[in-house]
Amino acid sequence: MMGPAQSTRLHSRASFIAAIGVFLIVSAVYALANAGRIDIIDGQYRFEVAENLLHSSSLQVLDPFLADAVPGRAGNYSHYGIAGSITPLPLMAAASLGAQAARDREQFFFSFTSALLGAATSGVLVLFYDALGIPRRRAVAWAIVASFATLAFPSSTSVFDQSQHALFVLGAAYFAYQAQQRDSLVLASAAGCCVAVLVNFQETYALMAAGLGLVTFSSVRSGDWDRRGARRYVLFLFVAAMGLAVWVAFNEFRFGSLLYSGKGNNHPPVVGNALFGLLGLLLSPGKSLILYSPPVILAIAGMTKLLQLHRSLGRGVMAAIVLQTSLIATLTFWAGDWCWGPRYFTPVLPLIALGLPFAPSLFSRGTVRFLIVVGVAVQLLGISVDHHRFFYARSLGRYFWYVDPALYFRSSALFARPAELFDMITSDVPTEARTFRPGPYPSLVTYAVLGGGSGDGPAPEWMKHYQVFWLPRPWPFWMHRLPEDMRPISLPGGLLLVGAVGIAGGIILRAGLR
């Protein structure tokens, strides 16, 4: 007979195998649904730094068309954190295997960074659910729901990097919880390392650290003092602070200033009306979290049970969610455009998803299924059409969210998407569309969509000159319309690789569920 310790080891190993299977399956789906190109200008800046770092050990922005680069000590620099340009380096290096990669090929590989890290988040969720005592099959099922029925799905198919942040947010909470359960300073340090990475994506995550760190405390009775928990908490914050030290050094290297990161350069005011932002994030037709991620209703309800069963974890998670929500609401650009839904919520969606397995007892089976099905449908709409189409078709200016902050109470990309999709399915690409996308370097199909209708007539007339607005967003659908010599990779080879990853994931998951 197996003893308790041996049984626990076997249980953990099986959960780890199941987590790998889920990771591979979600990776395959995210990869198939991915844009396969730099679909937003933010990503072009991160790619530029990564490319120069990879090939010339330079951190400068050399592309003359990236006009928002900030003058610094030895040239122009991006205002984005260094982590967003380091995470894609392995993929970009892989693009060069066997031959010198063309820029289109490197940008194509770069675009899958969020897909891989977003899929890794689903694997960590399986492990987290297992640690909370959720049966393995239910853990896998709810991780799949969190991956495909919430904003995590479209976010992971874009070069927006919020789904990358989500992995490290969840990783910090997971290691902090394990540190509490095992009374481990090493695991508390691992949690702090996750936050250290986070602040080098976006320095404001330092505010979240105080909340996430509460997870390291044990669930002691009110009035008792957890000395070991205090040690874990202090160590967690100390290691997290090392990330701030790197951020400060990076600022000094680029701009000769410890606290200036280049943000706010030629930009409208950042701080806005927090109450207005909160109402927009929760209730507006254009950016409501509940509309864009319906299963969040289940997760928030389940969070009450999580608080009862795992008090310190629940407190830390809720503190992190409240801190992030409060920060987003104070921004003039709380909608996070140009994107699908309120993307700044994506980093904390895995934390919210910790409440999902505890929700079914609070709702009828029909209600649970309805919210999941609607959630998946919303995300499928999100990955179907290029996001720019909604904004350009309305001739919205660059800072429209500042000029017209009430726009999302009158207009919604979600409500407009069915008509856009129907038009795309029933109509062919306009005959005027001889170029794939607007912007510089017209021969590069994976470069960011830049520019607008200036000089080309009012929207949507000028849009008819570019195929990107009339073709489906996932890369297999637009790439097959291009001549073979314009494709960044072999289309059959790419599909075969993705299919193999998905099949391998299914086999591994089946082994983990036995």
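How do the residues of the lining of the largest cavity divide into nonpolar, polar and charged? In this predicted model, the lining of the largest cavity comprises 13 nonpolar and 8 polar residues, with no charged residue. The cavity itself has a volume of about 190 Å³, and its lining is formed by 21 residues. Nearest its centre lie Ala146, Thr150, Ala152, Leu349 and Pro350. Several helical elements give two or more residues each to this lining, namely α6 (113–131), α7 (136–148), α9 (162–182), α15 (296–309) and α17 (349–353).

The search of the whole structure finds 7 cavities of 30 Å³ or more. By class, the lining of the second largest cavity has 5 nonpolar residues, 4 polar ones and 1 charged.

Turning to helix packing, α2 (residues 41–56) and α5 (residues 103–110) make a contact worth a look. Their axes come within 11 Å and cross at roughly 115 degrees, and the crossing of α2 past α5 is right-handed. On the α2 side, the contact involves Gly43, Gln44, Arg46, Phe47, Glu48, Glu51, Leu54 and His55. Helix α5 contributes Arg103, Glu106, Gln107 and Phe110. Sorted by class, the contact of α2 with α5 contains 3 nonpolar, 4 polar and 5 charged residues, whereas the lining of the largest cavity has no charged residues.

Terms used: Residues numbered from 1 in each chain as written. Predicted model: local features only at pLDDT ≥ 70, side-chain atom pairs only at ≥ 80, totals over all residues. Heavy atoms only, no water. Axes fitted to C-alpha atoms, helices over the stretch in contact; angles between N-to-C directions. Helix = DSSP H or I, 4+ residues; strand = E, 2+ residues; numbered from the N terminus. Left-handed = near helix turned anticlockwise from the far one by under 90°. Contact = heavy atoms within 4.5 Å. Nonpolar A, V, L, I, M, F, W, Y, C, P; charged D, E, K, R; others polar. 1 Å grid on protein atoms, 1.4 Å probe; cavity = no way out; pocket = protein on both sides within 12 Å on 5 of 7 lines; lining within 4 Å. Points joined across faces, edges and corners; volume = space filled by probe spheres on them.
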